[in-house]
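Dear colleague,

Please find below the structure that I am handing over to you.

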Number of protein chains: 2
Amino acid sequence: MRMSNGVEWALHSCVTLSQTQEPVPAARLAELHGTPPAYTAKHLQALSRAGIVHSTAGQIGGYTLTRPASEISALEVVRAVDGDEPAYRCAEIRQRGPLGIPAERCSRPCAIARAMAAAQDAWSLALARISVADLAAAIDADSDGTAMADVRRWLTTAAG
Amino acid sequence: MRMSNGVEWALHSCVTLSQTQEPVPAARLAELHGTPPAYTAKHLQALSRAGIVHSTAGQIGGYTLTRPASEISALEVVRAVDGDEPAYRCAEIRQRGPLGIPAERCSRPCAIARAMAAAQDAWSLALARISVADLAAAIDADSDGTAMADVRRWLTTAAG
DNA sequence: GACCTAGTACTCGGATAACGGCTGTCCGAGTTTATCAGG
DNA sequence: CCTGATAAACTCGGACAGCCGTTATCCGAGTACTAGGTC
């Protein structure tokens, strides 16, 4: 079970975008994060499709958050990039083989699928409780309160 | 994020093995579950490597559980088949780019990595609390107490 | 009749191809800004 | 000097190859049982 690498870039991009209200181009975000520009843009498109960021075309265009960072959960970002289908997909083994159960008696999900779904729910809940603002605050605290200020300064100086 | 399909087969296989103490060949399990024999065997090998099942060669060989089903957690089975590396792997983006943080100041994991790890821990804990015996009991309850008896009967009749 | 030996059939285990999805990239459509000509 | 149109530059968005991992399969090594021959 391997998560798409773009999830990391998307989360960092959202944290960065939370530090400004002006549009930031994908190429600028890629430069700041040291990631491939074209591929980074691809993941930002996914965020745009999910309604997490708003894209502006044109010369001073770029991406902005559609909502306050405190109202964007990490779960939304992960789902936007990595897809929202559950990791475990029941193939209905119970219906196959010599002891297969008829489909009409399988209204409830299989017990194994229920267990896996419960685990996924726990995972989702943990991520849903964390907002982009929380992540920005935690990153800032890790750097003794300098990281986000540096980001804001870099965004303005690089833009000017 | 997609989990290996073999996880489902492995869990069903463990539930089936919990219903008997005699070795069950991989081909027999594949027949019962309606899965490809060779590929099913491959995943059973993974369970064997992880010490969850014991393999016996020879004419009356097959697989048996190494422990009571109540002492085998679903997490162990999932990890044996799907690997034990976490889904999210931090690429240390914070160390890259113009605002990269020196490695010597990165003793703690990144805040984003911590959040993802916490979610994975919640997922793992949910699966660790469920044993193969629990799954067997739940499947049995779903079928009004006939499923596991049918499995036991099928295993004995097919073997004889 | 009991015991030993050779054969056989069955099992697991690892090594080997084929497909799907993530990774990575590019160019076209659209928009905003700056420039330049005209009034 | 102000206004309008034109052109240019920059942006996003979707469509196009490449590589790695899961999927799927096969055959070889090893073991327990069975049958036959011998004492």
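Predicted model: local features only at pLDDT ≥ 70, side-chain atom pairs only at ≥ 80, totals over all residues.

Chain B is superposed on chain A by a rotation of 180 degrees, with 0.0 Å of shift along the axis and an RMSD of 0.1 Å. That is the relation of a two-fold axis. The same surface serves both copies, since 98% of the contact residues of chain B recur in chain A. Within chain B, the residue that comes closest to the rotation axis is B:Trp123, whose C-alpha is at 2.5 Å.

DNA strand C

DNA strand C is surrounded by 23 residues, and the closest of them are A:Ser4, A:Tyr39, B:Arg49, B:Ser55 and B:Gly58. Which part of the strand faces the protein? Of the atoms of DNA strand C within 4 Å of the protein, 69% belong to sugar or phosphate, and the rest belong to bases.

Several polar contacts can be named here. In chain A, a polar backbone atom of A:Asn5 is 3.1 Å from a phosphate oxygen of DNA strand C. A:Gln59 uses its side chain instead: one of its polar atoms lies 3.1 Å from a sugar or linking oxygen of DNA strand C. From chain B, an N or O atom in the side chain of B:Ser48 is 3.5 Å from a phosphate oxygen of DNA strand C.

The elements that give two or more residues to this surface are helix 3 (37-49) of chain A and, from chain B, helix 3 (37-49), strand 1 (53-56) and strand 2 (62-65). Helix 3 of chain B gives the most, with 4 residues. By class, the surface near DNA strand C has 9 nonpolar, 11 polar and 3 charged residues.

DNA strand D

There are 23 residues around DNA strand D, and those that come nearest are A:Arg49, A:Ser55, A:Gly58, B:Ser4 and B:Tyr39. Of the atoms of DNA strand D that come within 4 Å of the protein, 71% are accounted for by sugar and phosphate.

Phosphate oxygens of DNA strand D are approached from both chains. A backbone N or O atom of A:Ala26 lies 3.1 Å from one phosphate oxygen.

The largest share of the surface near DNA strand D is that of helix 3 of chain A, with 4 residues. The residues of this surface divide into 9 nonpolar, 11 polar and 3 charged.

Helix 3 and helix 4 of chain A

Helix 3 of chain A also packs against another helix. The axes of helix 3 and helix 4 (residues 74-82) of chain A come within 8 Å and cross at roughly 115 degrees, and this crossing is right-handed. Helix 3 of chain A makes the contact through A:His43, A:Ala46 and A:Leu47, while helix 4 of chain A brings A:Val77, A:Ala80 and A:Val81. The contact between these two helices has 5 nonpolar residues, 1 polar residue and no charged residues.

With kind regards

Terms used: Residues numbered from 1 in each chain as written. Chains lettered and ligands numbered in written order. Heavy atoms only, no water. Near = heavy atom within 4 Å. Polar contact = N/O pair within 3.5 Å; in protein donor to acceptor, adjacent residues only side chain to side chain. Nonpolar A, V, L, I, M, F, W, Y, C, P; charged D, E, K, R; others polar. Least-squares fit on C-alpha atoms with pLDDT ≥ 70 in both. Contact = heavy atoms within 4.5 Å. Axes fitted to C-alpha atoms, helices over the stretch in contact; angles between N-to-C directions. Left-handed = near helix turned anticlockwise from the far one by under 90°.
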